[in-house]
Amino acid sequence: ERHQAWKEYYFTFLEPFDFGELQTQKIGLEKIRNQADNTRNTRRTLLNQMSKIDHRVEKMMSGELCANKNTPRRCRTCHLSSRECDGLCWGFWKQTNPLTSNYKDFSTRPLERIPIKIGDNVRPGADWNELRFGKKTLFIIGIVIDIKSWTSGGEPNDCVVVSWNEVGMNKTEEKKRNDSFKNKIYRWGTIDKSGIRRYDLQV
């Protein structure tokens, strides 16, 4: 019964909802949060979602954002669209092997991967996902400290480990950027489900 109530009001992605729908979600979440049998963690989770709704509404009222009913469905784990994620992204974003299972759907192989080496400087690139990694503006410049394979059985050396430089970052920005973003792994020419190479970074 509780999960059914959450299903009506709790949504990971808010892009498709208009102002009225968001307000309805918040009212429903407030009612659920005020129930006596909720744990502290449950109340905190609901409060965080209500804050997320408030932030979205504020952006909509200022004209910065608007509802988009045609926004593509996204994976709740990796936040990529269904075109990019094959649904097997649990753990270390485990995916099917594109070299053995996906090329039957494409007439040509992907372009060769752009060369990169340890010591190269990088910054957020075209496929950077701000929901996953954080705002681009918080990542000034990074240095590649290792090159790895994104998935077992996939292409070798299609992801990089980056250490980020905090030079030029003010104290507020530094506080916003979670320490877990340090030395994180990023895609470098990793082939997605559609056969396209994805680059979270650029040199």
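**Close-up views of the sheet and its salt bridges**

View 1. An open sheet of six strands is arranged in the order 5-4-3-2-1-6, and its pairing is antiparallel. Strand 5 (197-199) and strand 6 (201-202) form the edges, each of them pairing on one side only. The model shown here and in the other views is predicted.

View 2. Strand 1 (residues 121-124) and strand 6 run antiparallel and are joined by two bridges. Pro-124 has Leu-201 of strand 6 as its bridge partner. Arg-123 stands opposite Gln-202, likewise a residue of strand 6. Strand 6 is an edge strand of the sheet.

**View 3. Strand 1 and strand 2.** Two bridges also connect strand 1 with strand 2 (residues 141-148), and these strands run antiparallel. The bridge partner of Asn-121 in this view is Ile-143 of strand 2.

**View 4. The salt bridge between Asp-127 and Arg-198.** The structure holds eight salt bridges, one of which is formed by the side chains of Asp-127 and Arg-198, at 3.2 Å from N to O. Asp-127 belongs to the loop between strand 1 and helix 6 (130-133), whereas Arg-198 belongs to strand 5, so the pair ties together parts that are 71 residues apart in sequence. Asp-127 has a relative accessible area of 18% and is therefore buried, the cut-off being under 20%. Arg-198 also counts as buried, because its relative accessibility is 12%.

**View 5. The salt bridge between Lys-26 and Asp-54.** Lys-26 and Asp-54 form a salt bridge in which the closest N and O atoms are 2.8 Å apart. Lys-26 is located in helix 2 (residues 19-33) and Asp-54 in helix 3 (residues 40-61); the pair, 28 residues apart, links distant parts of the chain. Asp-54 counts as partly exposed, with a relative accessibility of 33%.

**View 6. The salt bridge between Asp-146 and Lys-148.** The side chains of Asp-146 and Lys-148 meet in a salt bridge with an N to O distance of 3.6 Å. The residue range of strand 2, 141-148, takes in both positions. Asp-146 counts as partly exposed, at 28% relative accessibility. Lys-148 is likewise partly exposed, its relative accessibility being 34%.

Technical notes: Residues numbered from 1 in each chain as written. Predicted model: local features only at pLDDT ≥ 70, side-chain atom pairs only at ≥ 80, totals over all residues. Heavy atoms only, no water. Pairing = 2+ DSSP bridges. Helix = DSSP H or I, 4+ residues; strand = E, 2+ residues; numbered from the N terminus. Salt bridge = Lys/Arg side-chain N within 4 Å of Asp/Glu carboxyl O. Buried < 20%, exposed > 50% of the residue type's maximum accessible area, 1.4 Å probe, protein only.
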